[in-house]
Amino acid sequence: MQDIRSLIRLSALVSMVLTSACALPRPGPNLNEIVEGSTENGGVMNVVLVSDPIARASNLDIDLGFSQSFRGARAQSTDMIKPGDTLTLTVWENVDNGLLASVGQKVTTLSGVQVDQGGGIFVPYAGRLQAAGQTPDQLRRLITRSLDAQTPDPQVEVRRETGDGASVSIIGGVGSQGVYPIVPSTTKLTGMIAQAGGVTLDPDIAQIAVRRGGHTGRIFLQDLYDDPQLDIALLPNDKIIVEEDRRTFTALGGTGTQALVKFPRGRINLVEALATVGGLNGNVSDPTGIFVFRRETAAIADRVLGVNGSAENQPFAYVVDLTSPAGFFIAREFEVRDGDTIYITEAPFVGWSRVLEATAGTLNFGTTIVNAADVLSD
């Protein structure tokens with residue numbers, strides 16, 4: 001009978017330990033399981049240990065900036081009259097009963113004269129005149145010649161008011177959104193942003209987009225600070241959009257937090273990304289198994305793998321070992337990109353600790369079952 005009891009005890013404990021070990025929850029695959037899924041082992045994912053050459057080969061220039069068509073635009077002449085402009089015309093006549101003035105008056109002011117989309121304006125007794133493409137002084141002389149045959153020696157003043165003819169719209173993270181005219185102080189991008197109250201977003205994550213016709217140029221605000229050539233000349237009907245950087249990466253596994261994380265600035269490397277999420281969790285993380293998952297273009301895949309003819313959007317798992325002598329330097333060279341998933345595997349001892357904890361509970365429960373068996377056998 002004693003042998004039967006011992007057998008029951010051993011069978012119950014072994015069964016519960018094995019069942020508990022298999023059913024234990026985990027945050028994700030371990031280092032060996034990821035490597036087993038590599039193309040070298042018959043899987044579909046390229047698992048690549050990152051070195052300095054690999055880090056440089058995998059880096060991708062951020063596609064931000066202004067094309068030559070944006071950079072080559074000439075600053076607008078703020079004196080040139082354009083369709084949509086509003087003009088004020090003042091005419092002095094040297095007679096008591098003039099063509100335009102009221103009785104007893106010699107001065108006539110025509111305010112709010114709109115330049116139509118064809119570029120013309122209507123002036124009484126002068127008819128329709130072409131205003132767009134001329135400076136106020138050129139238009140003044142044209143009006144003077146047109147009126148001179150009907151009233152002796154007229155004196156004319158033309159003043160271009162703030163209007164929609166040469167203006168841009170600015171929206172997003174600025175002090176005051178709206179439509180602003182291009183005047184001498186706002187012919188450049190920085191001047192127009194300042195006119196709108198400046199950028200109200202964090203400069204590290206602010207982006208500026210300029211839409212012109214069917215094209216859009218986009219830069220980081222910090223780049224505008226650093227590179228005067230990005231302070232482009234504005235053209236009528238440009239649209240300026242100031243918004244937050246919308247790029248994100250995902251942090252999973254043994255990190256300080258597990259979340260979808262916004263980029264803290266324009267370019268970040270792996271060390272900075274880990275610092276953004278609180279670094280490695282020293283209690284569970286495996287510093288030899290830091291993975292970055294992403295899909296690569298054919299061109300980058302060729303560079304990284306040293307081959308030709310790679311397929312587009314191949315899945316890659318880049319692994320960085322921070323315990324190697326150059327690990328931190330390599331991690332600083334490896335740039336994190338939009339949509340990356342950073343996954344920190346668990347240290348091997350964590351899995352064993354989990355099994356041992358579960359086993360301790362199982363042993364207690366198994367003892368209860370054996371004791372029950374003893375009672376029944378008696």
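First, the ground rules. The model is predicted, so local features need pLDDT of at least 70 and side-chain atom pairs count only at pLDDT 80 or more, while totals for chains, interfaces and linings use all residues. Residues are numbered from 1 along each chain as its sequence is written, and side-chain values use heavy atoms, with hydrogens and water left out.

Now the whole chain. It has eleven helices and 18 strands; helices are DSSP runs of H or I with at least four residues, strands are runs of E with at least two, and both are numbered from the N terminus. Of its 378 residues, 41% are buried. Buried means under 20% relative accessible area, exposed over 50%, and partly exposed in between, with a 1.4 Å probe and protein chains only. A contact means heavy atoms within 4.5 Å. Among contacts with a separation of 6 or more, 64% join residues 24 or more positions apart.

Next, the cores. A nonpolar core is a set of buried Ala, Val, Leu, Ile, Met, Phe, Trp, Tyr and Cys residues joined through side-chain atoms within 4.5 Å. The largest has 29 residues, and Val50 and Phe249 are among those touching the most other members. Apart from this core lies another, of 23 residues, including Phe70 and Met192. Beyond four places in sequence, Val50 touches residues including Ala55, Tyr318 and Phe334.

On to the sheet. Three strands form an open sheet in the order S3-S2-S6, with antiparallel pairing; two strands pair if DSSP finds at least two bridges between them. Why is one side of S3 and of S6 left without a neighbour in the sheet? Both stand at the edges, so each has a single partner strand. Six bridges join S2 to S3, and Leu87 stands opposite Val113 in S3.

Strand S2 also holds Thr90. Thr90 counts as buried because its relative accessibility is 7%. Its contacts beyond four places in sequence include Val107, Thr109 and Val156.

Finally, helix H5. Residues 136–148 make up this helix, which reaches 18 Å from its first C-alpha to its last, close to the 18 Å expected at 1.5 Å a residue. That expected span is 1.5 Å times one less than the number of residues. Which residues of H5 are buried? They are Pro136, Leu139, Leu142, Ile143, Thr144 and Leu147. Their cover includes strands S2, S4, S5 and S6.
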